[in-house]
Amino acid sequence: MTESTALDPEDRKIITLARSARARNGVPEGAAVRDETGRTYVAGTVELPSLKLSALRTAVAMAVASGAESLEAAAVVTEAGVLAEADVAAVRDLGPAAPILLAAPDGSVKPPRP
């Protein structure tokens, strides 16, 4: 599956936002999440001497800090083949059934792994 073929337009949007965050900030990952009202929260990897957060955990934290009560979907753009368990857990805290899209830097969606 590629970004342009089988995805809902709203899911394509969060992948595009995640790609933009990654490119704009020159970070290893970009992420975006969509809450129950349709608002999106976009973030890149945070790597400070005293604080290290993945892009997805940062995006979830931004959603929570802004009052989101649940998540409808999440997207991560990275060269990694899988997501860290802590990243998945952060999304599941607010969106137990929310799809988590994993995309390559070119926006192509990677197949979900079992």
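Me: Buried means under 20% relative accessible area. In this predicted model, is Asp35 buried or exposed?
Reply: Let's start with the place of Asp35, which is in strand E1. Its relative accessible area is 0%. The cut-off for buried is under 20%, so Asp35 counts as buried.

Me: Good, and which residues is Asp35 in contact with, leaving aside its neighbours within four places in sequence?
Reply: Here contact means heavy atoms within 4.5 Å. With the neighbours within four places left aside, Asp35 has these contacts: Tyr41, Ala68, Ser70, Leu71 and Glu72.

Me: Tyr41 makes me curious about E2. In E2, which residue is the bridge partner of Val33?
Reply: E1 and E2 run antiparallel, and 5 bridges join them. The hairpin of these strands has 4 residues between them, and Gly38 in this hairpin takes a positive phi near 95 degrees. As for Val33, its bridge partner in E2 is Tyr41.

Me: Now the largest nonpolar core: which element gives the most to it?
Reply: This core has 19 residues, and Val33, Leu56, Val60, Leu71 and Val91 touch the most other members. Two or more residues come from each of strand E1 (30-35), strand E2 (40-44), helix H2 (55-65), strand E5 (71-77) and helix H3 (85-94). The element that gives the most, with 5 residues, is H2.

Me: And which residues does Val60 touch, not counting residues up to four places away in sequence?
Reply: Val60 is one of the residues that touch the most other members of the largest nonpolar core. Not counting residues up to four places away, Val60 touches Val33, Leu71, Ala90, Val91 and Leu94.

Note on methods: Residues numbered from 1 in each chain as written. Predicted model: local features only at pLDDT ≥ 70, side-chain atom pairs only at ≥ 80, totals over all residues. Heavy atoms only, no water. Core = buried A, V, L, I, M, F, W, Y, C linked by side-chain atoms within 4.5 Å. Buried < 20%, exposed > 50% of the residue type's maximum accessible area, 1.4 Å probe, protein only. Pairing = 2+ DSSP bridges.
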